[in-house]
Amino acid sequence: MKKILFVASECIPFIKTGGLADVAGSLPKYFNKEEFDVRVMLPKYLCIPQKWRDKMQFRTSFYMDLAWRSQYVGVLEMEYEGILFYFIDNEYYFNGTAPYGNIYEDVEKFAFFCRAALSALPQIDFRPDIIHCHDWQTGLLPIYLKDTFNGGDFYRGIKTIMTIHNLKFQGVWDLKTVQDITGLNQYYFAPDKLEAYGDANYLKGGIVYADYVTTVSDSYAEEIKTPYYGEHLDGLMRARSNCLMGIVNGLDYNEYNPETDPLIPFHYTKKNFRKEKIKNKRALQQELGLAQDDKKFMIGVCSRLTDQKGFDLIDYVIEEICAEDTQLVVLGTGEQKYEHLFRYYASKYPDRVSANIYYSNEISHKIYGSCDAFLMPSLFEPCGLSQLMSLRYGTIPIVRETGGLRDTVEPYNEYESTGTGFSFANYNAHEMLDTIRYAKRIYFTKKREWNKIIDRGMTKDFSWNNSAAKYEELYYRLLG
């Protein structure tokens, strides 16, 4: 039995700000239970809902040195859906209203978390063969393992994997402060280790010291070796390319299932979507106060409203997107200029634009279950889950060919009748607009072809089973 420990800063159902939480919470359930004992460790934030905190059981507590100070470490545990979760408790570090705050506080908080995670292992009597670290918040863990925890038999031979969910976030702060916080030797603050451009960089340290590096799609693994996508670490990614691989994220097919989803009014399958899915569209038009018309081409957008997601492209041609034959349904929050943009167009065209500037899980499911197409023109997208959800619900994705979008959406080819969506290559507003218009042309004039695209998309399997099988293969390779 191979023992694996996931260490992450967020995890569903306890705390979530992005796709990392889905991976940390869903993936462990899909490993072969007879061969892998996978457990998860995360901080016990004060902002975790009370209903979960009530179920946690105290396991142990101790004091630990973090550089020059001694800190309390509590360990709580609970089992959820067959997986054992450990929570590292320290009210000084984890008492905020959100999991992340000011970077200068976060660098100390996650230095504590990395060290506490390793210190807790002998106390809970769990010695993992592999520690699977996620994103910059766990970047110090492989370094501590090679440094402070290198002495005893307990830690000897533990392998580490560093998974990059988004290279943009690296945990960067000034060298002297980080040296003081972490208590690490001067040796580690060299340009081939933790130092980057005069600062200390947690993610860089994790990438340098981990035994293997993964990221969340094949294309993103290639892209981050280039200056355009590499966020100043492309040289390091090229240097580590012999132990770097992309494994695309999956989707929880039980939660996202148009046949049983309790959040959508009308259920449907691959066999009957032609008759049934339109009922959801009508219901959503009514709920959002849009014109009730089956013939409108309804485009959905569920996203953080940021530049990374391609909203400057939408801004540039939004007047053309909101044509008379189209309805645009937007859900999400983010940069004010985009929030204002959609509010303005919703007031200008109330019968065809709906701006929902908040986050609602229920509305997001309704958008996936109702719209004809789903728009994702991202500047970069390490993996992306929205396009997987839209494929699952028979809502055809219109995406830019980058990262995980390129790996999971096969562009429609009208001559061979293949493909599961529509895509464009360049980060260009008019190229995006042409692709939207092309999709509309197929929708309005070749309905049978359109339904075949839906059919192929709903047949695809992007469940966690595929990802888990690839991680299992990697674990075996690492453990020889």
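## Charges over rings

The charged end of arginine 352 lies over the ring of tyrosine 349, 4.1 Å from its centre. A charge sits over a ring if NZ of Lys or CZ of Arg is within 6 Å of the ring centre and within 35 degrees of the ring normal. This is a predicted model, where local features need pLDDT of at least 70, side-chain atom pairs count only at pLDDT 80 or more, and totals for chains, interfaces and linings use all residues. Residues are numbered from 1 along each chain as its sequence is written, and side-chain values use heavy atoms, with hydrogens and water left out.

| Charged residue | Ring | Distance to ring centre |
|---|---|---|
| Arginine 352 | Tyrosine 349 | 4.1 Å |
| Arginine 392 | Tyrosine 253 | 3.9 Å |

## Ring pairs

The whole structure holds 42 aromatic pairs (rings of Phe, Tyr and Trp, the last by its six-membered ring, with centres within 6.5 Å; planes under 30 degrees apart are stacked, over 60 edge-to-face, the rest tilted). Phenylalanine 6 and phenylalanine 31 make an edge-to-face pair, 6.3 Å centre to centre with 70 degrees between the planes. Phenylalanine 6 is buried at a relative accessible area of 0% (buried means under 20%, exposed over 50%, partly exposed in between, with a 1.4 Å probe and protein chains only). Phenylalanine 31 is also buried, at 4% relative accessibility. Ring pairs also join a cluster whose members include Tyr45, Phe94, Trp136 and Tyr202.

## A helix

Which residues of α16 are buried? They are Ala429, Met432, Leu433, Thr435, Ile436, Ala439, Lys440, Ile442 and Tyr443. Helices here are DSSP runs (H or I, at least four residues), numbered from the N terminus.

Technical notes: Helices (H or I, at least four residues) and strands (E, at least two) are DSSP runs, numbered from the N terminus.
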